[in-house]
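Reader: I've got the sequence and the fold up on screen. Can you walk me through a few spots?

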Amino acid sequence: MFLSDRVMHMRPSGVTGGLLLGGKPVFMDTYPDFSLKEEALRSVITDKTKIILVNSPNNPTGMVNSKEELDMVVRVAKEKNLLVFSDDIYDKFVYENGTERTYLGQLYDKTITFGGFSKTWGMTGWRIGYVAGPKDLIHEGLKDKYHVVKPDGAYFIFPEVPGGNGDKFVEKAWQGAK
Ligand SMILES: Cc1ncc(COP(=O)(O)O)c(C=O)c1O
């Protein structure tokens, strides 16, 4: 969808998302406490960076980033004009400090939010997910590259899987990532 030269990931993390997009993953260390540190983030951003990918709550660390950390990411993303990908797939697995949560999508309009049903609803085999973001990035970005179905009046669209089915799509993506 949004092909990039460089996709910033936090280490430790999974990199599948960036690889499927055809991006080259670049890692930012979050050790020793797994928090997002401005100096560490700035040190790995180059003029090729297109996207910062944040996954909070995080797999595999379980880290839930604070509002201050997310504000920092937004500040840097705004300054460098970067997209933010917010993988919020574990957002219902926070049991501390009540239910009040801050999402990157609330803080920065160039955020693409990723969610899914497999974790929250225990439907791991289904692999059903969604992305949400500003219209110009989602609809305008998809419509020329993919066959999309947009029901009249609805605020959602369904993209057709490139390659015909999920297996072919993932196969192709991994070929491209090698
Ligand atoms: C951080 C993260 N994002 C997204 C996914 C994708 O989840 P699923 O394929 O179950 O929808 C996973 C799966 O483990 C994950 O750990």
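Reader: Is Met28 buried, exposed or partly exposed, and what is the reason?

Author: Keep in mind that this is a predicted model, where local features need pLDDT of at least 70, side-chain atom pairs count only at pLDDT 80 or more, and totals for chains, interfaces and linings use all residues. Residues are numbered from 1 along each chain as its sequence is written. A residue is buried if 20 or more other C-beta atoms (placed from the backbone) lie within 10 Å of its own, exposed if 12 or fewer, and partly exposed in between. Met28 has 19 other C-beta atoms within 10 Å, so Met28 is partly exposed.

Reader: And which strand is Met28 in?

Author: Strands here are DSSP runs of E with at least two residues, helices are runs of H or I with at least four, and both are numbered from the N terminus. Met28 belongs to the run over residues 24-29, strand S2.

Reader: Which residues of H3 are exposed?

Author: Start with the buried ones: Glu69, Leu70, Val73, Val74 and Ala77. Down the axis of H3, these fall within an arc of 140° (taken from the directions from the helix axis to the C-beta atoms), so they line one face of the helix. On the other side of H3, the exposed residues are Lys67, Glu68 and Glu79.

Reader: Which residue just after H3 takes a positive phi?

Author: H3 covers residues 67-80. Just after H3, a positive phi of about 55° is taken by Asn81.

Terms used:
The expected span of a helix is 1.5 Å times one less than its number of residues.
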